[in-house]
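Keep the sequence and the structure side by side.

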Amino acid sequence: MNDEQMEKTRNSRNVLIGISIFLLFVAIFVFINVSKSVEEQKLYEKANFVEVEATIVTYRGHTVYTYDNRFRIGESYTTYYQYKSPDGQIYSGFWQARIKTEEEAKAQIGKKVKIYVDNELKLDTKSLDIDKTGVTIGSVFGTLCLLISMSIFIYLAVRFAQWIKNRPLLTEKPNKEEKKNKPPKNFCSVHFPIIMLSVFILVASIGSSISKEKEYQLYANAQFVEVQGEISHYNEFEKDGSAYYVTYYKYIDAEGKEYSDMWQNDIYVKAEAEAAIGSAVTLYYDSNLGVLKSMDDLIKVPKPDHTFNIIVSLIFIALFTNSAVRFIRFIVRDKRYEAEQRRQRKNYN
């Protein structure tokens with residue numbers, strides 16, 4: 001086998017090693033998420049849900065783009081429900097997504113919908129049917145990635161064992177002069193992509209941890225103060241042929257930033273909605289998180305677990321260091337080789 005064939009073989013081997021490590025990483029990531037989904041499903045299966053009546057309280061608009069995210073093609077809307085249990089616990093979530101028109105989303109405000117709540121476990125769900133499709137697909141995909149990764153490792157291990165068994169015995173070592181005249185092996189086509197991928201994964205992993213920690217600290221260190229807002233206006237809606245009215249509050253902070261949202265959505269007398277305009281309401285304000293109608297509405301953000309990101313970072317730090325050292329070593333050796341070739345040509349002439 002000549003040097004060119006040996007270099008191609010090494011490049012192919014390194015590409016296979018890279019693919020195997022990547023698939024192993026994907027499998028670990030998938031299995032972690034599948035395990036979380038399984039634990040969540042087990043929790044929901046043992047819950048004692050009770051049917052209650054929630055209310056659609058708000059909606060949000062989302063811009064829809066083409067598949068390549070280059071052109072805006074329209075808007076879609078998502079409605080959200082809310083239910084307050086007798087013990088004061090607030091349950092909320094999205095009710096319907098991909099609503100085509102804002103009028104249709106607005107029409108749902110105030111609508112009563114059935115959800116299921118377990119007050120002891122603090123869980124709520126729109127349906128008692130547990131969809132296990134995602135867990136199944138995730139398990140199959142993760143297992144497939146793991147099998148392919150292990151198959152590549154086994155294949156390479158067998159090839160290495162065969163090479164060890166059949167390798168030719170070296171009768172003499174090349175001297176320094178022969179080494180100088182031999183060009184360094186170029187694996188840049190393998191190491192450079194590994195360096196770029198490692199940098200991308202490291203930046204994404206570290207950025208994800210910083211973002212989660214900032215969000216947690218933002219909510220953990222929130223200092224809400226009681227402030228006074230006022231009812232600014234109301235809107236009229238119709239449901240089943242009957243009109244109902246939704247009032248909205250407004251609050252302007254010291255910096256002039258205005259906050260506005262729904263206050264009450266179960267008014268069925270127009271005069272009552274009109275009379276509410278201008279009346280003071282108690283709100284809770286934080287300069288970072290904005291305004292809440294009640295402290296029960298504050299999102300409970302759990303302390304982030306960075307274990308997975310740390311493991312991923314350590315793996316790709318090792319890959320980056322290995323490839324960077326080899327990449328730099330090749331450049332240094334290549335410069336030395338070119339300098340030696342120039343010196344020999346000069347002496348020859």
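What follows covers ring pairs, a ring cluster and a charge over rings.

This is a predicted model. Its aromatic pairs number 12. Take Tyr81 and Trp95 to begin with. Their ring centres are 6.2 Å apart, with 90 degrees between the planes. The pair is edge-to-face, because that angle is over 60 degrees. Tyr81 belongs to strand β2 (residues 72–84) and Trp95 to strand β3 (residues 90–99). The two residues are 14 apart, and their pair links distant parts of the chain.

Trp95 reaches 22%, so it counts as partly exposed; the cut-off for buried is under 20%.

Now go further along the chain. Tyr249 and Trp263 also form an edge-to-face pair, because their planes stand at 90 degrees, with the centres 6.2 Å apart. Tyr249 sits in strand β7 (residues 242–252) and Trp263 in strand β8 (residues 258–267). The pair therefore ties together parts 14 residues apart in sequence. Tyr249 has a relative accessible area of 4% and is buried. Trp263, at 28% relative accessibility, is partly exposed.

Return to Trp95 for a charge. The charged end of Lys126 sits over the Trp95 ring, 5.6 Å from its centre. Lys126 also lies over the face of Phe94, at 4.2 Å from that ring centre.

One group remains. Phe25, Phe29, Phe308 and Phe316 make up one aromatic cluster.

Conventions: Residues numbered from 1 in each chain as written. Predicted model: local features only at pLDDT ≥ 70, side-chain atom pairs only at ≥ 80, totals over all residues. Heavy atoms only, no water. Phe/Tyr/Trp six-rings, centres within 6.5 Å; stacked < 30°, edge-to-face > 60°. Helix = DSSP H or I, 4+ residues; strand = E, 2+ residues; numbered from the N terminus. Buried < 20%, exposed > 50% of the residue type's maximum accessible area, 1.4 Å probe, protein only. Lys NZ or Arg CZ within 6 Å of the ring centre and 35° of its normal.
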